[in-house]
Amino acid sequence: MPGTEPARGEGRGPGEEPPAAKGGAGRLRALIAGNPVHSWDLWTKPRRMIAFLLAWDAIAVALLTFGVVTSPSPDLVDWGRFAILAGCATVHIQLTRRQEERRRNRVTAVHIDLTGIWVFPAALLLPIPLTLLLIALLRVQRWFNSRRPPHKFVFTSFTHAVSALLAHHLYQTFASAELARLSPANSLQVFGILMLVGFSYAALQAIVIGGLLALGGTSAPTLRNVLGTKDDNLLELSTISLGTIATILLVNIPPAIVILVLITVLGNRLAEINQLQSEARTDPKTGIFNVRGWSESAERALARAARGGETLALLMIDLDHFKWINDTYGHPAGDDVLRTVAQTLDEITRPKDIIGRFGGEEFLILLPDADTTAAKVTAERIRTAIADQRIVTTDKRGGSALITGRTGSIGVALLGVNGTTLEQLLQAADAAVYAAKEGGRNQVRFADANPPSE
(Lines give C-alpha, C1' and ligand atoms only; values in the text may rest on other atoms or scores of the structure.)
Protein backbone atom coordinates (compact mmCIF):
# COMPACT_ATOMS: atom_id res chain seq x y z
CA MET A 1 0.00 0.00 0.00
CA PRO A 2 1.00 3.62 -0.24
CA GLY A 3 3.86 4.79 1.95
CA THR A 4 4.65 8.31 2.94
CA GLU A 5 8.21 8.68 1.60
CA PRO A 6 11.06 6.63 0.12
CA ALA A 7 13.15 4.64 2.54
CA ARG A 8 16.50 5.86 3.77
CA GLY A 9 19.32 3.65 5.00
CA GLU A 10 21.16 4.13 8.26
CA GLY A 11 24.93 4.27 8.74
CA ARG A 12 27.10 3.05 11.60
CA GLY A 13 30.08 4.48 13.44
CA PRO A 14 33.71 3.45 12.96
CA GLY A 15 34.42 0.03 14.39
CA GLU A 16 30.77 -0.66 15.09
CA GLU A 17 29.66 -4.19 14.40
CA PRO A 18 27.31 -4.42 11.40
CA PRO A 19 23.68 -4.89 12.47
CA ALA A 20 23.44 -8.21 10.62
CA ALA A 21 26.09 -9.71 12.89
CA LYS A 22 24.25 -8.92 16.11
CA GLY A 23 21.21 -11.09 15.60
CA GLY A 24 17.58 -9.97 15.39
CA ALA A 25 17.47 -8.39 18.85
CA GLY A 26 20.74 -6.55 18.27
CA ARG A 27 19.55 -5.21 14.92
CA LEU A 28 16.35 -3.98 16.50
CA ARG A 29 18.25 -2.22 19.31
CA ALA A 30 20.60 -0.65 16.75
CA LEU A 31 17.71 0.66 14.67
CA ILE A 32 15.93 2.10 17.71
CA ALA A 33 19.17 3.62 19.03
CA GLY A 34 19.78 5.22 15.64
CA ASN A 35 16.34 6.88 15.72
CA PRO A 36 15.82 8.49 19.15
CA VAL A 37 12.36 10.03 19.51
CA HIS A 38 13.59 13.60 19.92
CA SER A 39 15.49 13.44 16.61
CA TRP A 40 12.66 12.01 14.50
CA ASP A 41 12.07 13.69 11.19
CA LEU A 42 8.40 13.87 12.20
CA TRP A 43 9.02 16.95 14.38
CA THR A 44 10.20 18.94 11.35
CA LYS A 45 6.85 18.46 9.58
CA PRO A 46 3.90 20.89 9.64
CA ARG A 47 1.93 20.86 12.88
CA ARG A 48 -1.28 19.81 11.15
CA MET A 49 0.49 16.76 9.77
CA ILE A 50 1.91 15.84 13.19
CA ALA A 51 -1.53 16.22 14.78
CA PHE A 52 -3.15 14.07 12.10
CA LEU A 53 -0.55 11.33 12.45
CA LEU A 54 -0.69 11.17 16.25
CA ALA A 55 -4.50 11.31 16.30
CA TRP A 56 -4.76 8.49 13.77
CA ASP A 57 -2.28 6.35 15.72
CA ALA A 58 -4.38 6.82 18.87
CA ILE A 59 -7.62 5.97 17.04
CA ALA A 60 -5.96 2.91 15.51
CA VAL A 61 -4.82 1.63 18.90
CA ALA A 62 -8.38 1.93 20.26
CA LEU A 63 -9.96 0.21 17.25
CA LEU A 64 -7.43 -2.62 17.18
CA THR A 65 -7.72 -3.20 20.92
CA PHE A 66 -11.49 -3.52 20.53
CA GLY A 67 -10.99 -5.89 17.60
CA VAL A 68 -8.65 -8.14 19.56
CA VAL A 69 -10.83 -8.21 22.68
CA THR A 70 -13.98 -9.14 20.75
CA SER A 71 -12.29 -11.68 18.45
CA PRO A 72 -12.78 -15.45 18.93
CA SER A 73 -9.76 -17.57 19.81
CA PRO A 74 -7.89 -19.13 16.87
CA ASP A 75 -8.41 -22.84 16.16
CA LEU A 76 -6.13 -25.33 14.38
CA VAL A 77 -7.49 -24.37 10.94
CA ASP A 78 -6.75 -20.70 11.65
CA TRP A 79 -3.19 -21.50 12.74
CA GLY A 80 -2.70 -23.62 9.63
CA ARG A 81 -3.85 -20.82 7.36
CA PHE A 82 -1.69 -18.37 9.26
CA ALA A 83 1.37 -20.59 8.76
CA ILE A 84 0.70 -20.86 5.01
CA LEU A 85 0.26 -17.11 4.57
CA ALA A 86 3.24 -16.24 6.77
CA GLY A 87 5.48 -18.68 4.90
CA CYS A 88 4.41 -17.50 1.44
CA ALA A 89 4.68 -13.83 2.43
CA THR A 90 8.14 -14.29 3.94
CA VAL A 91 9.42 -16.04 0.81
CA HIS A 92 7.91 -13.24 -1.29
CA ILE A 93 9.54 -10.50 0.79
CA GLN A 94 12.96 -12.09 0.89
CA LEU A 95 13.03 -12.90 -2.83
CA THR A 96 12.02 -9.36 -3.80
CA ARG A 97 13.65 -7.22 -1.12
CA ARG A 98 16.25 -5.70 -3.50
CA GLN A 99 13.66 -4.81 -6.11
CA GLU A 100 11.28 -3.48 -3.45
CA GLU A 101 13.97 -1.24 -2.01
CA ARG A 102 14.85 0.11 -5.47
CA ARG A 103 11.15 0.76 -6.19
CA ARG A 104 10.66 2.53 -2.86
CA ASN A 105 13.74 4.72 -3.32
CA ARG A 106 12.51 5.96 -6.69
CA VAL A 107 9.14 7.26 -5.52
CA THR A 108 8.52 10.60 -3.84
CA ALA A 109 5.02 10.00 -2.54
CA VAL A 110 2.76 6.99 -3.09
CA HIS A 111 4.27 3.51 -2.88
CA ILE A 112 2.24 0.32 -3.47
CA ASP A 113 3.35 -2.59 -1.28
CA LEU A 114 2.48 -5.93 -2.89
CA THR A 115 2.38 -7.78 0.44
CA GLY A 116 -1.30 -6.84 0.52
CA ILE A 117 -1.75 -10.05 -1.49
CA TRP A 118 -1.11 -11.96 1.76
CA VAL A 119 -2.59 -9.52 4.27
CA PHE A 120 -5.97 -9.33 2.52
CA PRO A 121 -6.85 -13.07 2.79
CA ALA A 122 -5.61 -13.04 6.39
CA ALA A 123 -7.93 -10.13 7.15
CA LEU A 124 -10.89 -12.05 5.77
CA LEU A 125 -10.26 -15.56 7.07
CA LEU A 126 -8.26 -15.28 10.29
CA PRO A 127 -9.24 -13.99 13.74
CA ILE A 128 -8.02 -10.45 14.32
CA PRO A 129 -5.10 -11.42 16.63
CA LEU A 130 -3.58 -13.68 13.95
CA THR A 131 -4.12 -11.05 11.26
CA LEU A 132 -2.29 -8.47 13.36
CA LEU A 133 0.47 -10.99 14.07
CA LEU A 134 0.91 -11.56 10.33
CA ILE A 135 0.98 -7.80 9.64
CA ALA A 136 3.58 -7.34 12.39
CA LEU A 137 5.70 -10.15 10.94
CA LEU A 138 5.62 -8.67 7.45
CA ARG A 139 6.10 -5.07 8.56
CA VAL A 140 9.12 -5.92 10.71
CA GLN A 141 10.73 -7.65 7.74
CA ARG A 142 10.00 -4.62 5.60
CA TRP A 143 11.56 -2.36 8.24
CA PHE A 144 14.76 -4.37 8.38
CA ASN A 145 14.95 -4.29 4.59
CA SER A 146 14.05 -0.61 4.05
CA ARG A 147 14.90 0.84 7.51
CA ARG A 148 12.29 3.57 7.35
CA PRO A 149 11.99 6.15 10.17
CA PRO A 150 9.94 4.74 13.07
CA HIS A 151 7.04 7.18 12.91
CA LYS A 152 6.43 6.34 9.24
CA PHE A 153 6.70 2.63 9.95
CA VAL A 154 4.22 2.82 12.84
CA PHE A 155 1.73 5.03 10.97
CA THR A 156 1.69 2.82 7.87
CA SER A 157 1.51 -0.36 9.97
CA PHE A 158 -1.48 0.94 11.94
CA THR A 159 -3.18 1.96 8.70
CA HIS A 160 -2.71 -1.53 7.25
CA ALA A 161 -4.06 -3.06 10.46
CA VAL A 162 -7.18 -0.88 10.68
CA SER A 163 -7.91 -1.51 6.99
CA ALA A 164 -7.62 -5.24 7.68
CA LEU A 165 -10.01 -4.85 10.62
CA LEU A 166 -12.55 -3.10 8.39
CA ALA A 167 -12.21 -5.79 5.70
CA HIS A 168 -12.62 -8.54 8.31
CA HIS A 169 -15.92 -7.18 9.61
CA LEU A 170 -17.28 -6.53 6.10
CA TYR A 171 -16.38 -10.07 5.07
CA GLN A 172 -17.92 -11.64 8.16
CA THR A 173 -21.11 -9.65 7.59
CA PHE A 174 -21.61 -10.14 3.85
CA ALA A 175 -19.48 -12.96 2.42
CA SER A 176 -18.38 -15.49 5.03
CA ALA A 177 -21.37 -17.80 4.72
CA GLU A 178 -21.43 -17.55 0.92
CA LEU A 179 -17.75 -18.45 0.53
CA ALA A 180 -18.17 -21.46 2.83
CA ARG A 181 -20.68 -22.93 0.36
CA LEU A 182 -19.01 -21.71 -2.83
CA SER A 183 -20.49 -23.20 -6.01
CA PRO A 184 -20.90 -22.17 -9.65
CA ALA A 185 -24.33 -20.80 -8.76
CA ASN A 186 -23.04 -18.21 -6.27
CA SER A 187 -19.47 -17.79 -7.53
CA LEU A 188 -20.10 -14.46 -9.29
CA GLN A 189 -21.83 -13.04 -6.22
CA VAL A 190 -19.01 -14.17 -3.92
CA PHE A 191 -16.32 -12.75 -6.19
CA GLY A 192 -18.16 -9.45 -6.47
CA ILE A 193 -18.53 -9.14 -2.69
CA LEU A 194 -14.86 -10.00 -2.15
CA MET A 195 -13.78 -7.35 -4.64
CA LEU A 196 -15.98 -4.74 -2.93
CA VAL A 197 -14.46 -5.66 0.41
CA GLY A 198 -11.04 -5.35 -1.24
CA PHE A 199 -11.95 -1.93 -2.56
CA SER A 200 -12.92 -0.83 0.96
CA TYR A 201 -9.65 -2.24 2.30
CA ALA A 202 -7.62 -0.26 -0.26
CA ALA A 203 -9.78 2.88 -0.10
CA LEU A 204 -9.31 3.34 3.65
CA GLN A 205 -5.54 3.19 3.25
CA ALA A 206 -5.64 5.60 0.31
CA ILE A 207 -7.75 8.10 2.25
CA VAL A 208 -5.69 7.98 5.45
CA ILE A 209 -2.25 7.99 3.87
CA GLY A 210 -3.39 10.41 1.17
CA GLY A 211 -4.61 12.72 3.93
CA LEU A 212 -1.20 12.62 5.58
CA LEU A 213 0.53 13.38 2.29
CA ALA A 214 -1.84 16.28 1.60
CA LEU A 215 -1.09 17.78 5.02
CA GLY A 216 2.66 17.89 4.49
CA GLY A 217 3.96 14.45 3.60
CA THR A 218 4.91 15.57 0.10
CA SER A 219 6.34 18.84 -1.19
CA ALA A 220 3.80 18.89 -4.03
CA PRO A 221 0.35 17.79 -2.74
CA THR A 222 -1.21 17.27 -6.16
CA LEU A 223 -3.93 14.68 -6.74
CA ARG A 224 -1.37 12.52 -8.49
CA ASN A 225 1.08 12.65 -5.58
CA VAL A 226 -1.58 12.15 -2.91
CA LEU A 227 -3.71 9.38 -4.43
CA GLY A 228 -1.21 7.93 -6.88
CA THR A 229 -0.97 7.69 -10.64
CA LYS A 230 -3.13 5.54 -12.89
CA ASP A 231 -0.40 2.90 -12.86
CA ASP A 232 -0.27 3.01 -9.04
CA ASN A 233 -3.99 2.39 -8.77
CA LEU A 234 -3.94 -0.38 -11.39
CA LEU A 235 -1.17 -2.05 -9.39
CA GLU A 236 -3.27 -1.71 -6.24
CA LEU A 237 -6.26 -3.24 -8.04
CA SER A 238 -4.07 -6.14 -9.17
CA THR A 239 -2.89 -6.66 -5.60
CA ILE A 240 -6.46 -6.85 -4.30
CA SER A 241 -7.47 -9.17 -7.15
CA LEU A 242 -4.64 -11.58 -6.33
CA GLY A 243 -5.54 -11.32 -2.65
CA THR A 244 -9.09 -12.33 -3.54
CA ILE A 245 -7.79 -15.33 -5.47
CA ALA A 246 -5.56 -16.23 -2.51
CA THR A 247 -8.63 -16.15 -0.24
CA ILE A 248 -10.56 -18.54 -2.48
CA LEU A 249 -7.58 -20.89 -2.82
CA LEU A 250 -6.90 -20.88 0.91
CA VAL A 251 -10.48 -21.99 1.60
CA ASN A 252 -10.76 -24.57 -1.16
CA ILE A 253 -7.27 -25.66 -2.32
CA PRO A 254 -4.70 -24.45 0.26
CA PRO A 255 -1.57 -25.99 -1.40
CA ALA A 256 -2.30 -24.14 -4.65
CA ILE A 257 -1.63 -20.81 -2.99
CA VAL A 258 2.10 -21.48 -3.41
CA ILE A 259 1.64 -20.64 -7.10
CA LEU A 260 0.88 -17.07 -6.09
CA VAL A 261 4.39 -16.71 -4.63
CA LEU A 262 5.82 -17.05 -8.14
CA ILE A 263 3.23 -14.60 -9.47
CA THR A 264 4.04 -12.02 -6.79
CA VAL A 265 7.79 -12.28 -7.42
CA LEU A 266 7.15 -11.75 -11.13
CA GLY A 267 4.74 -8.92 -10.26
CA ASN A 268 7.44 -7.12 -8.28
CA ARG A 269 9.82 -7.33 -11.22
CA LEU A 270 7.21 -6.14 -13.69
CA ALA A 271 6.31 -3.24 -11.36
CA GLU A 272 9.96 -2.19 -11.24
CA ILE A 273 10.30 -2.42 -15.02
CA ASN A 274 7.15 -0.35 -15.49
CA GLN A 275 8.47 2.22 -13.03
CA LEU A 276 11.76 2.49 -14.94
CA GLN A 277 9.93 2.90 -18.23
CA SER A 278 7.71 5.59 -16.74
CA GLU A 279 10.69 7.47 -15.31
CA ALA A 280 12.39 7.49 -18.71
CA ARG A 281 9.35 9.23 -20.21
CA THR A 282 8.32 11.49 -17.34
CA ASP A 283 9.55 14.90 -16.21
CA PRO A 284 10.45 14.51 -12.51
CA LYS A 285 9.48 18.08 -11.55
CA THR A 286 5.99 18.12 -13.02
CA GLY A 287 4.96 14.48 -13.44
CA ILE A 288 3.97 14.99 -17.10
CA PHE A 289 5.80 13.76 -20.19
CA ASN A 290 9.37 14.86 -20.74
CA VAL A 291 10.59 15.62 -24.28
CA ARG A 292 11.20 11.95 -25.03
CA GLY A 293 7.86 10.72 -23.74
CA TRP A 294 5.95 13.56 -25.37
CA SER A 295 7.70 13.13 -28.74
CA GLU A 296 6.97 9.40 -28.86
CA SER A 297 3.28 9.88 -28.10
CA ALA A 298 3.02 12.91 -30.39
CA GLU A 299 4.59 11.06 -33.32
CA ARG A 300 2.02 8.27 -32.99
CA ALA A 301 -0.86 10.76 -32.80
CA LEU A 302 0.51 12.64 -35.81
CA ALA A 303 0.77 9.44 -37.85
CA ARG A 304 -2.84 8.52 -37.01
CA ALA A 305 -4.05 11.99 -37.98
CA ALA A 306 -2.13 11.86 -41.28
CA ARG A 307 -3.51 8.44 -42.18
CA GLY A 308 -7.10 9.46 -41.39
CA GLY A 309 -6.90 12.93 -42.88
CA GLU A 310 -7.80 14.39 -39.49
CA THR A 311 -7.06 17.82 -38.06
CA LEU A 312 -4.43 18.36 -35.38
CA ALA A 313 -2.93 21.34 -33.59
CA LEU A 314 0.22 21.88 -31.55
CA LEU A 315 0.40 24.43 -28.75
CA MET A 316 3.66 25.72 -27.30
CA ILE A 317 3.29 27.58 -23.99
CA ASP A 318 6.12 29.77 -22.70
CA LEU A 319 5.73 31.25 -19.21
CA ASP A 320 6.43 34.99 -19.25
CA HIS A 321 9.25 36.38 -17.09
CA PHE A 322 9.86 33.03 -15.43
CA LYS A 323 13.43 33.98 -14.54
CA TRP A 324 12.00 36.77 -12.39
CA ILE A 325 10.22 34.17 -10.23
CA ASN A 326 13.45 32.26 -9.61
CA ASP A 327 15.37 35.48 -8.91
CA THR A 328 12.71 36.91 -6.60
CA TYR A 329 11.44 33.86 -4.70
CA GLY A 330 14.07 31.19 -5.35
CA HIS A 331 14.20 28.03 -7.45
CA PRO A 332 11.90 25.97 -5.16
CA ALA A 333 9.18 28.55 -5.86
CA GLY A 334 9.90 28.27 -9.57
CA ASP A 335 9.46 24.49 -9.30
CA ASP A 336 6.12 25.02 -7.55
CA VAL A 337 4.99 27.24 -10.42
CA LEU A 338 5.99 24.62 -12.98
CA ARG A 339 4.13 21.89 -11.08
CA THR A 340 1.03 24.04 -10.73
CA VAL A 341 0.99 24.95 -14.41
CA ALA A 342 1.43 21.29 -15.38
CA GLN A 343 -1.46 20.29 -13.12
CA THR A 344 -3.63 23.06 -14.57
CA LEU A 345 -2.89 21.94 -18.12
CA ASP A 346 -3.81 18.39 -17.20
CA GLU A 347 -7.10 19.50 -15.63
CA ILE A 348 -8.36 21.73 -18.44
CA THR A 349 -7.42 19.59 -21.45
CA ARG A 350 -9.03 16.45 -22.82
CA PRO A 351 -7.80 12.95 -21.91
CA LYS A 352 -6.56 12.39 -25.46
CA ASP A 353 -4.53 15.62 -25.54
CA ILE A 354 -0.80 15.01 -25.07
CA ILE A 355 0.93 17.28 -22.55
CA GLY A 356 4.68 17.56 -22.02
CA ARG A 357 7.38 19.81 -20.67
CA PHE A 358 9.65 20.99 -23.46
CA GLY A 359 12.32 22.28 -21.10
CA GLY A 360 12.82 25.27 -18.84
CA GLU A 361 9.52 27.12 -18.66
CA GLU A 362 8.05 25.77 -21.92
CA PHE A 363 5.22 23.27 -22.26
CA LEU A 364 3.81 21.46 -25.28
CA ILE A 365 0.28 20.23 -25.94
CA LEU A 366 -0.75 18.19 -28.98
CA LEU A 367 -4.48 18.46 -29.73
CA PRO A 368 -5.82 15.63 -31.91
CA ASP A 369 -9.04 16.37 -33.81
CA ALA A 370 -8.63 20.11 -33.31
CA ASP A 371 -9.19 22.62 -36.10
CA THR A 372 -8.39 26.35 -36.00
CA THR A 373 -11.42 27.24 -33.89
CA ALA A 374 -10.90 24.44 -31.35
CA ALA A 375 -7.20 25.24 -31.07
CA LYS A 376 -7.94 28.94 -30.46
CA VAL A 377 -10.57 28.17 -27.80
CA THR A 378 -8.22 25.77 -26.01
CA ALA A 379 -5.27 28.14 -26.19
CA GLU A 380 -7.30 31.04 -24.80
CA ARG A 381 -8.65 28.85 -22.00
CA ILE A 382 -5.10 27.88 -21.07
CA ARG A 383 -3.87 31.48 -21.24
CA THR A 384 -6.69 32.61 -18.93
CA ALA A 385 -6.15 29.72 -16.50
CA ILE A 386 -2.45 30.52 -16.14
CA ALA A 387 -3.18 34.20 -15.52
CA ASP A 388 -5.75 33.29 -12.83
CA GLN A 389 -3.46 31.00 -10.85
CA ARG A 390 -2.72 31.69 -7.18
CA ILE A 391 0.34 29.64 -6.26
CA VAL A 392 1.15 29.16 -2.60
CA THR A 393 4.89 28.67 -2.20
CA THR A 394 7.90 29.87 -0.20
CA ASP A 395 10.34 32.74 -0.58
CA LYS A 396 14.13 32.58 -0.43
CA ARG A 397 14.09 32.55 3.38
CA GLY A 398 11.54 29.75 3.62
CA GLY A 399 8.64 32.02 4.51
CA SER A 400 5.18 31.74 3.00
CA ALA A 401 4.65 33.45 -0.36
CA LEU A 402 1.81 33.80 -2.85
CA ILE A 403 2.54 34.16 -6.56
CA THR A 404 -0.24 35.64 -8.71
CA GLY A 405 -0.65 37.45 -11.98
CA ARG A 406 1.79 35.30 -13.95
CA THR A 407 1.11 34.93 -17.67
CA GLY A 408 2.07 32.81 -20.62
CA SER A 409 2.62 33.38 -24.33
CA ILE A 410 1.18 30.66 -26.58
CA GLY A 411 2.08 29.72 -30.13
CA VAL A 412 -0.20 27.52 -32.25
CA ALA A 413 0.68 25.44 -35.30
CA LEU A 414 -1.78 23.43 -37.41
CA LEU A 415 -1.15 20.17 -39.24
CA GLY A 416 -1.10 20.74 -42.98
CA VAL A 417 -1.16 24.52 -42.67
CA ASN A 418 2.20 24.86 -40.90
CA GLY A 419 3.81 21.54 -41.74
CA THR A 420 3.33 17.80 -41.96
CA THR A 421 6.04 16.59 -39.58
CA LEU A 422 6.43 17.07 -35.86
CA GLU A 423 9.66 18.99 -36.38
CA GLN A 424 7.96 21.43 -38.75
CA LEU A 425 5.07 21.99 -36.35
CA LEU A 426 7.48 22.61 -33.47
CA GLN A 427 9.41 25.17 -35.49
CA ALA A 428 6.20 26.92 -36.51
CA ALA A 429 4.81 26.98 -32.95
CA ASP A 430 8.13 28.26 -31.64
CA ALA A 431 8.08 31.11 -34.14
CA ALA A 432 4.52 31.94 -33.09
CA VAL A 433 5.61 32.08 -29.43
CA TYR A 434 8.31 34.60 -30.32
CA ALA A 435 5.68 36.65 -32.14
CA ALA A 436 3.48 36.58 -29.02
CA LYS A 437 6.42 37.69 -26.86
CA GLU A 438 7.29 40.53 -29.20
CA GLY A 439 3.63 41.53 -29.37
CA GLY A 440 3.43 42.16 -25.62
CA ARG A 441 3.19 38.66 -24.07
CA ASN A 442 0.11 37.06 -22.46
CA GLN A 443 -1.46 36.33 -25.82
CA VAL A 444 -2.10 33.58 -28.37
CA ARG A 445 -0.52 33.75 -31.82
CA PHE A 446 -1.00 31.37 -34.75
CA ALA A 447 1.97 30.48 -36.91
CA ASP A 448 2.21 31.87 -40.44
CA ALA A 449 0.54 29.75 -43.12
CA ASN A 450 3.82 29.03 -44.90
CA PRO A 451 5.33 25.77 -43.59
CA PRO A 452 8.96 26.15 -42.51
CA SER A 453 11.50 24.33 -44.62
CA GLU A 454 13.28 21.32 -43.14
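The following paragraphs describe a predicted model, moving from its open sheet to a hairpin and then to selected helices. Residues are numbered from 1 along each chain as its sequence is written, and side-chain values use heavy atoms, with hydrogens and water left out. Because the model is predicted, local features need pLDDT of at least 70 and side-chain atom pairs count only at pLDDT 80 or more, while totals for chains, interfaces and linings use all residues.

Helices (H or I, at least four residues) and strands (E, at least two) are DSSP runs numbered from the N terminus. Two strands are taken to pair if DSSP finds at least two bridges between them. Strands of a sheet pair through backbone hydrogen bonds, either parallel or antiparallel. Here, 5 strands make up an open sheet of mixed pairing, in the order 2-3-1-6-7. From one strand to the next, the twist averages 20 degrees. Strand 2 runs antiparallel to strand 3 (residues 362-368), and 5 bridges join them; Gly359 has Glu362 of strand 3 as its bridge partner.

Axes are lines fitted to C-alpha atoms, for helices over the stretch in contact, and angles run from 0 to 180 degrees between N-to-C directions. Helix 12 (residues 291-308) touches strand 1 (312-319), strand 2 and strand 3, and its direction makes about 135 degrees with that of strand 2. Helix 16 (residues 422-438) lies across strand 1, strand 3, strand 6 (408-414) and strand 7, at about 145 degrees to strand 6.

At the N-terminal end, Asp371 caps helix 15, with a side-chain oxygen 3.3 Å from the backbone nitrogen of Thr373.

Val392 stands opposite Leu402. Between the strands are 5 residues, and Gly398 takes a positive phi near 85 degrees. Strand 4 has Ile391 and Thr393 on its covered face, and Arg390, Val392 and Thr394 on the uncovered one.

Two residues in other helices complete the account. Thr96 belongs to helix 3 (residues 76-106) and counts as buried at 0% relative accessibility. A polar atom of its side chain lies 2.7 Å from the backbone oxygen of His92. Apart from neighbours within four places in sequence, Thr96 is in contact with Val265 and Asn268. Ile245, in helix 10, counts as partly exposed at 36% relative accessibility. The C-alpha atoms of Ile245 and Phe191 are separated by 8.9 Å, although these residues are 54 residues apart along the chain.

Notes. Contact = heavy atoms within 4.5 Å. Buried < 20%, exposed > 50% of the residue type's maximum accessible area, 1.4 Å probe, protein only. Polar contact = N/O pair within 3.5 Å; in protein donor to acceptor, adjacent residues only side chain to side chain.
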